[in-house]
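This report goes through a protein model from its overall make-up down to single side chains.

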Amino acid sequence: MEAVNLLSSNRYTEKQIGYLFISVLVNSNSELIRLINNAIKNDLASRNPTFMGLALHCIANVGSREMAEAFAGEIPKILVAGDTMDSVKQSAALCLLRLYRTSPDLVPMGDWTSRVVHLLNDQHLGVVTAATSLITTLAQKNPEEFKTSVSLAVSRLSRIVTSASTDLQDYTYYFVPAPWLSVKLLRLLQCYPPPEDPAVRGRLTECLETILNKAQEPPKSKKVQHSNAKNAVLFEAISLIIHHDSEPNLLVRACNQLGQFLQHRETNLRYLALESMCTLASSEFSHEAVKTHIETVINALKTERDVSVRQRAVDLLYAMCDRSNAQQIVAEMLNYLETADYSIREEIVLKVAILAEKYAVDYTWYVDTILNLIRIAGDYVSEEVWYRVIQIVINRDDVQGYAAKTVFEALQAPACHENLVKVGGYILGEFGNLIAGDPRSSPLIQFNLLHSKFHLCSVPTRALLLSTYIKFVNLFPEIKTTIQDVLRSDSQLKNADVELQQRAVEYLRLSTIASTDILATVLEEMPPFPERESSILAKLKKKKGPGTVTDLEEIKKERCSDMNGSAEPASANDESTPSPSADLLGLGAAPVTNPAPPPAGIGSLLVDVFLDSASEVAPLAPGSDDNFASPDLASSEVVSEEPADTVHDADELFHKFVCKNNGVLFENQLLQIGLKSEFRQNLGRMFIFYGNKTSTQFLNFTPTVICSDDLQSSLNLQTKPVDPTVDGGAQVQQVVNIECVSDFMEAPILNIQFRYGGTFQNLSVKLPITLNKFFQPTEMSSQDFFQRWKQLSNPKQEVQNIFKAKHPMDAEITKAKIIGFGSALLEEVDPNPANFVGAGIIHTKTTQIGCLLRLEPNLQAQMYRLTLRTSKEAVSQRLCELLSEQF
C-alpha cells in the first residue's frame, strides 16, 4: 500500500521507488491492482515524459494479462501521437511489443498499424530501433498489414550502410554505424519475399553488396567489439541473401566470404560459417560453390577441438553431398565415426545410412558401407537402419547374391555386433541359396555359423534366427534333420520366453507335417516392399526437429531424384522380423498373415486365403458352366476381340465389398479374381490375386486400373506391374497402393486383357474402392451425438432414403454391416432401442468430413429409413447410396 501511495507523489525519486517496488513484487492477482492501474492511467495522461516513461516501464515489466486488458488500447495512441517525445515513443513501442508477446489477442489491430510503419522514417534512431523490433514481431503474424515496411526498411538500411560513420555519431559502435539497427532491419526483411519493385530490389542488392565489400576491408580496430559488430551485420545479411535465394552472384559471394571464416581462429565464427553454409548448400545457385570447400570442412572434422563445431561440419558434409562426392564424404564420415563423440554418433550413423542409400550408383558399395557402419558403431545403428538394408536388398535382385556373400564373410569375425547377426540371419534366410553352391559357404556351414552366435543374442534376435532356421528347412532340405534337432532341444521347446518357445514348437511341427509344396508357399521369399519415404530420413528429421538442415532434403529438387526405391520398414510383428505385411500402411495395425495363398486345387484358387469368403465360393469343377452366382457373367460375354468398353454388371458383388475387404470379386471358367485390402485414415493397400483356372498358360496378361478424369484428381492409385505370363493352375498377385486426396463418387475400373489358347480375352469389373473405406469410427456420447446432429441441420447436409428390405431384417447382421461400413456403432444413443446410430470421420488428404448416420427399421412393413448427415452434401449422398444397398 505504501508503494501505491508513492505512485501519486509528484517527486521523481518517490515515484520511481514506488514503480520499482511494484514491478518486482506485486502479484498480478493482488487486490491493489485496480489502484495501481489508476495511478498508471494518471501518469500516462499527465503528458510528463518522465512519468510516462516510468508508467510504460512498469506495464512492460509486469506484462500481465490484466495490464494488457487495461492498457493495450491506450499505448498505440501514445505511440503514434504527433506530440509524443522520442524517449516516450521508444518506451511505448517496446511496451506494446511486450504486451503483444504475452497476450496477442488483446492488442487490437487498427488505424495505428499503418502509422507505426512510418516510424521507420523517424529522425531519432532509438525510436526506429524500438519500432523495428515491434514491426518484425507483428509482421510475422500479419504479413499483409505490414507489407509497406519493406521499402521503408530498405531505404533506412541503405542510408545507414552508405553513410559516413560521422553522420550517425551517437549510434556508431567501434567504427560500425548502427549495427543493432542494421541487424533488426535485415531481420524484418526476412519476413517477406524479395521486393517486387525493381528500384527497391536494386537498392537492397546494392546494400547487401556494400556489406559484403566492407567485410573484405582491413579492420579499423583490433578490438573484438569491432569485429563482433561487423560480423553480426554480415551474418544477418547472408541470412537475408539465403532467404531470398534469388541472386546467384550474391549467393556465391556469400559462400566465398563464409569459406574464409572456416579457418578463422575464432571458434564462434567457424561455427556460424559452417551453419550458414549448410543452408547455402541447399540452393541450386550456390551448391557448387559450397562444394569447393569440401577439403577444408573434412579438415575441420579431423582437427576441430570443439564438439559443437564438429557437429556442424558433419551437417555441412551431409548437406553438400551429391552423386559426385558421395563416396568421399561417406568414407570420411565413417572414418570420423570411429573417434566421434558419443553424443553425435547416432546422428552420424543415420546420415551415413541416408547418403549411402540416396547416392548409391553401385549397390554393392551400399551393402559394404552399411555393414561397415554396423561394425564400427553397431550400438548406434537403430532398428530403422537395418530394416532399411533388408528392404533395399529385397527390392533389388542385382544385389542379393553379393549381400548374402558379404554378410556371410562379415559373420566370420569372432565378435560381431548383434545388429550384424540380425542382418545376416535375415539375408541368409532369404538368399542363402545364392551362395550355397560354394563349398566354403555350404548350407551346413551357413547354419552352424549363425547358430554359433545364437546363445550370445537377445530374445528378439534369437526369434529372428529361429525364423531363419525354418527358412533353411525349405531352402536346404539336406540339413532339415540338423535344424529339427536344434528346434527339438529342451532349451528351445522348454524356453522360459514364450515367443521363443512358441516359434520352436510351431516351426518344428510345420517342418514335420507340411508337404514340400505347402512349405515352399508358407516360407517363400518376401515380396518387394512398397515405395514410401525412407524411414531413416523420417527418423533424422524427428531427431533434429522441424526447420533444420535435414528439411533441406525437400528443397534439393535437382538432386532429389531418389533412384532407390524408398520403402518404409514394416513394423516388425515381433520386434525382430520385418514382415512385409506386418503393417501394410506403416501405421501400427495388427499383424496380417503373409498374403501369398497356398496352391489349392485348380478349381478354387482363392478359397484358402479368405476365411470369410470360403463359405460363399464352393469348390468349382474346372470346366463347369455355372461357375458363378450371377448367370450374366458367363464366359461367353467375356471373350471378345474388341477392347471391353462395358463394365460387367457385377454390382451385386461390388456392393458385397462395401462392408468387407476380402473375398472373390469375379469368376468365370477361365479366371478367378480375389481381393484382400486394408485401409487406414486416407491410405489403403489392395492385393489383387489373379488365378488361372485352366491348365493352359495365359499370355500377354495385362491388368490395368482405369480412373475417369474426375476420379484421378480425387484418388491417387499406384499399381505394381504383374508377370505377363500366368501358368495353368497358377496365381499372380498385384499390389495397388491407394491415397484418397478428396471425396469421390465413382469407383475405378479394373480392365484385364490376355490371350488364352489363341483367343483374345478382355473383361472389366468395378474395383471396390469406395468412399466409406476411408472412414475412421468415432465414439460419442448421446449428448455429443445429438448436439452435433443439430449442428448439421442445413437441408443440404442431410440425405434420407426410405427403401424396402432386400434381406431378412436381422439386428446382429445389421450391426455387423454398419461396423463393416466403417462407422462406430453407438449403443444407447437413440431413444428407440430398435434404431441403429453410427458416427465416423472420412479422412482425405485435404480434409476430414464428420459423418452421423441413423437407420430406423420397420419390421411390420419390411422397410428401412436411412438418414445421413455430413458437412458435405455430395458425401452424404454417396454414403447413403452405398449403405442403402446393404440391407
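The sections below cover the model, the chain, a sheet, the aromatic rings and one glutamine.

## Model and conventions

This is a predicted model, in which local features need pLDDT of at least 70 and side-chain atom pairs count only at pLDDT 80 or more, while totals for chains, interfaces and linings use all residues. Residues are numbered from 1 along each chain as its sequence is written, and side-chain values use heavy atoms, with hydrogens and water left out.

## Chain overview

The protein chain has 38 helices and 16 strands (DSSP runs numbered from the N terminus: H or I of at least four residues for helices, E of at least two for strands). Of its 887 residues, 53% are buried (under 20% relative accessible area, with exposed over 50% and partly exposed in between; 1.4 Å probe, protein chains only).

Among contacts (heavy atoms within 4.5 Å) with a separation of 6 or more, 70% join residues 24 or more positions apart.

## A three-stranded sheet

An open sheet of 3 strands has the order β6-β9-β10, with antiparallel pairing (two strands pair if DSSP finds at least two bridges between them). β6 (698-706) and β10 (759-766) are at the edges with a single partner strand each, so one side of each has no neighbour in the sheet. From one strand to the next, the twist averages 15 degrees (axes are lines fitted to C-alpha atoms, and angles run from 0 to 180 degrees between N-to-C directions).

Strand β9 (residues 749-756) is joined to β10 by 8 bridges. Ile 752 is placed opposite Leu 763 in β10.

## Aromatic rings

Rings of Phe, Tyr and Trp (its six-membered ring) pair if their centres lie within 6.5 Å; planes under 30 degrees apart count as stacked, over 60 as edge-to-face and the rest as tilted. The count by this rule is 20 aromatic pairs. Phe 698 and Phe 701 are stacked, because their ring centres are 6.2 Å apart and their planes are at 15 degrees. Both Phe 698 and Phe 701 are buried.

The charged end of Lys 15 is over the ring of Phe 51, 4.6 Å from its centre. Lys 351 lies over the face of Tyr 318, 5.3 Å from the ring centre.

## Gln 446

Helix α25 (residues 443-454) contains Gln 446. Its relative accessibility is 0%, so Gln 446 counts as buried. Leaving aside neighbours within four places in sequence, Gln 446 has contacts that include Phe 408, Leu 428, Gly 432, Phe 472 and Phe 476. The side chain of Gln 446 reaches the backbone oxygen of Gly 432 at 3.0 Å.

Terms used
Lys NZ or Arg CZ within 6 Å of the ring centre and 35° of its normal. Polar contact = N/O pair within 3.5 Å; in protein donor to acceptor, adjacent residues only side chain to side chain.
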